[in-house]
Amino acid sequence: MTAFVFPGQGAQFTGMGKDLYQTDATAKEMFEKANEILGFRITDIMFEGSAEDLKQTRVTQPAIFLHSVILATCSKEFSPDMAAGHSLGEFSALVASGALTFEDGLQLVYKRALAMQEACNAKPSTMAAVLGLDDQTIERICSQTEGVVVAANYNCKGQVVISGEVEAVNAACAALKAAGARRALPLAVNGAFHSPLMEPARVELAKAIEATRFSTPICPIYQNVDAKPHTNPAEIKENLLQQLTAPVRWTQCVEAMVADGANHFVEYGPGKVLQGLISKIAPDVAVEGRQ
């Protein structure tokens with residue numbers, strides 16, 4: 001069985017999607033439609049912009065979404081038995097699998113990006129990668145640290161990202177190193193994604209999600225919040241909303257898909273981040289990518 005997966009923020013690169021735009025008429029039409037919906041030429045930034053330009057959340061999220069979704073739409077082999085996306089990638093998975101229209105998906109992603117940026121600006125916050133410690137130890141130390149700091153991304157065994165207030169994340173990093181972490185390194189981000197500090201963004205996005213029509217996808221979507229397969233539109237909407245303040249359970253998503261029969265994973269979108277993580281989580285499965 002084949003699982004199709006979609007990357008999240010951090011996978012972007014200058015030139016992403018350019019070949020697709022130049023060689024596929026459907027892709028070009030979709031990119032131009034996106035420029036129209038967003039009200040600015042995001043394709044110019046994707047194809048020619050600097051790394052700094054692409055790093056802005058309001059650009060990064062729709063750019064990765066567009067690359068992933070248009071790639072899947074134009075692919076003759078896109079026929080998933082199951083699908084999943086890492087954080088932002090969950091929106092790509094839902095559009096590619098028919099739960100959301102392209103236009104609705106893009107508008108939600110852009111609103112999400114703006115709301116998250118606003119929440120980031122409201123309070124100094126950050127994230128840090130923790131390597132070489134088990135999940136339980138990380139969770140315990142975060143819970144014992146003063147201030148807001150939580151496990152945010154369970155990327156693979158021995159690699160968890162924590163998220164929260166700057167001082168709390170720094171204090172947790174020190175405690176995690178003392179507890180035996182190989183590394184506990186603050187990331188170059190200006191926000192605490194997938195933490196309680198994203199609550200203002202969740203409230204903002206709730207209105208948009210409630211007003212958007214969701215359909216039954218062509219295959220089960222393994223969602224970040226509970227790592228379980230979902231096809232019910234009402235459940236998908238609720239999980240998508242909770243995702244902003246809840247951890248991304250990527251390790252558990254991959255393990256669940258493998259347990260349900262996935263033996264072949266295909267990553268659609270920029271970069272190879274998910275391919276690397278999946279190979280660590282489930283070394284016996286076949287993994288490849290489409291860019």
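Begin by selecting residues 264–268 and 286–290: these are strands β9 and β10, which run parallel and are joined by five bridges. Strands (E, at least two residues) and helices (H or I, at least four) are DSSP runs, numbered from the N terminus, and two strands pair if DSSP finds at least two bridges between them. The model is predicted: local features need pLDDT of at least 70 and side-chain atom pairs pLDDT 80 or more, whereas totals for chains, interfaces and linings use all residues. Residues are numbered from 1 along each chain as its sequence is written, and side-chain values use heavy atoms, without hydrogens and water.

Within this pair, select F265; its bridge partner in β10 is V287.

Now select R58, which lies in helix α5 (residues 57–74). R58 counts as partly exposed because its relative accessibility is 30%, the class between buried (under 20%) and exposed (over 50%), with a 1.4 Å probe and protein chains only. Leaving aside residues up to four places away in sequence, R58 touches F40, Y110, A113 and L114, contact being heavy atoms within 4.5 Å. Display the side chains of R58 and Y110 to find a polar contact of 3.4 Å; such a contact is a pair of N or O atoms within 3.5 Å, one able to donate a hydrogen and the other to accept it.

Finally, select K228: its C-alpha lies 29 Å from that of R58, and the two residues are 170 apart in sequence.
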